[in-house]
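I opened this notebook to keep track of what I look up in one structure. My entries follow the order in which I went through it.

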Amino acid sequence: MGLFLLLSLLLLPSRLQAGRSAECDLNNYGIKQPDRLSAPQGGSIRIPFSFYHGWQLAKDPRVSVALRQTHFHGEIIYNSTQPFIHNDYKNRIAFELSLGQRSGSLQISNLQEKDGNMYFCRIQVETLRCGRKVWQDINGTKLTITPGLKTNARAVPNGSFQNTEEKYENIGIKRQQTEPRLEPKLEPKDDNPILYASLTLSSSSSQAAPPHLPPKEAPQEETLYSLVKA
């Protein structure tokens, strides 16, 4: 009995080590992110991701997310740990992580034509017994940048705008015309009575004379005299 207990105690560290090794060598981990995304130039895009694993995390797992571009071993353009942002993406990348620290998103704003690329998310965590673990998505996300929305000026049909002066162009200055009027003037009767008549022509303009003109500039009446023999 004593020998068996002694042997068990001697073998316990190796069993614990074997169990720890089996846990740390688990391959049940991965990252999920969309295969393809597209967004217009000048707009923004969110690259969502989620990850899973079988390790027991440390009390402070220190979850860190990085983003590579072009290919699996491509250049890192963002790292939430340092933090680090590539010069080409300054002030254009935002990182969000859920409360459960198992999903999040990376947003790229003010998209440019050159942002059309492959993007790969990389996860880093601190485990309780297996130390730091790092893994990355294999396939990545293909981001396509489409032409930005252009605002074209709509053609305006002819005549849709009316010249503000047009309604005035056909308005002339109307002149008042007074029909000639005869003003008979009778002289005392005699043997050969003569009838005098005067013909008065007058014309005036509807446009008032400027106030600074003297009265003599006002329209005048002309009287023509003719003799009408009875």
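Predicted model: local features only at pLDDT ≥ 70, side-chain atom pairs only at ≥ 80, totals over all residues.

Residues are numbered from 1 along each chain as its sequence is written, and side-chain values use heavy atoms, with hydrogens and water left out.

**Entry on Asp115**

I looked up Asp115 and placed it in the loop between strand E8 (103-108) and E9; helices (H or I, at least four residues) and strands (E, at least two) are DSSP runs, numbered from the N terminus. A polar atom of the Asp115 side chain lies 2.8 Å from the backbone nitrogen of Gln112. Contact means heavy atoms within 4.5 Å, and leaving aside neighbours within four places in sequence, Asp115 is in contact with Tyr89, Arg92, Ile108, Asn110, Leu143 and Ile145.

**Entry on salt bridges**

A salt bridge is a side-chain nitrogen of Lys or Arg within 4 Å of a carboxyl oxygen of Asp or Glu, and by this rule I find four salt bridges. In one of them the side chains of Asp115 and Arg92 meet at 2.8 Å, N to O. Arg92 lies in the loop between strand E6 (84-85) and E7, so its pairing with Asp115 ties together parts that are 23 residues apart in sequence. Arg92 is buried too, with a relative accessible area of 6%.

I next followed Arg46, which forms a salt bridge with Glu96, the closest N and O atoms being 3.3 Å apart. Because Arg46 lies in strand E3 and Glu96 in strand E7 (residues 93-97), this pair ties together parts that are 50 residues apart in sequence. Arg46 is partly exposed at 41%, and Glu96 is partly exposed at 42%.

**Entry on the core**

A nonpolar core is a set of buried Ala, Val, Leu, Ile, Met, Phe, Trp, Tyr and Cys residues joined through side-chain atoms within 4.5 Å. The largest one has 26 residues, of which Phe49, Leu106, Ile108, Tyr119 and Ile123 touch the most other members. Among the elements that give two or more residues to this core are strand E4 (64-69), strand E5 (76-79) and strand E11 (141-146). I checked Phe49 and, leaving aside neighbours within four places in sequence, its contacts include Ile31, Val65, Phe95, Leu106, Cys121 and Ile123.

**Entry on the disulfide**

Which cysteine is joined to Cys24 by a disulfide? I found Cys130, with S to S 2.0 Å, and a disulfide is taken as a pair of cysteine sulfur atoms within 2.5 Å. Cys24 lies in helix H1 (residues 2-24) and Cys130 in the loop between strand E9 (118-126) and strand E10 (132-136), so the pair ties together parts that are 106 residues apart in sequence. The link of Cys24 and Cys130 is left-handed, with -90° about the S-S bond, and both cysteines are buried.

Technical notes: Buried < 20%, exposed > 50% of the residue type's maximum accessible area, 1.4 Å probe, protein only. Polar contact = N/O pair within 3.5 Å; in protein donor to acceptor, adjacent residues only side chain to side chain.
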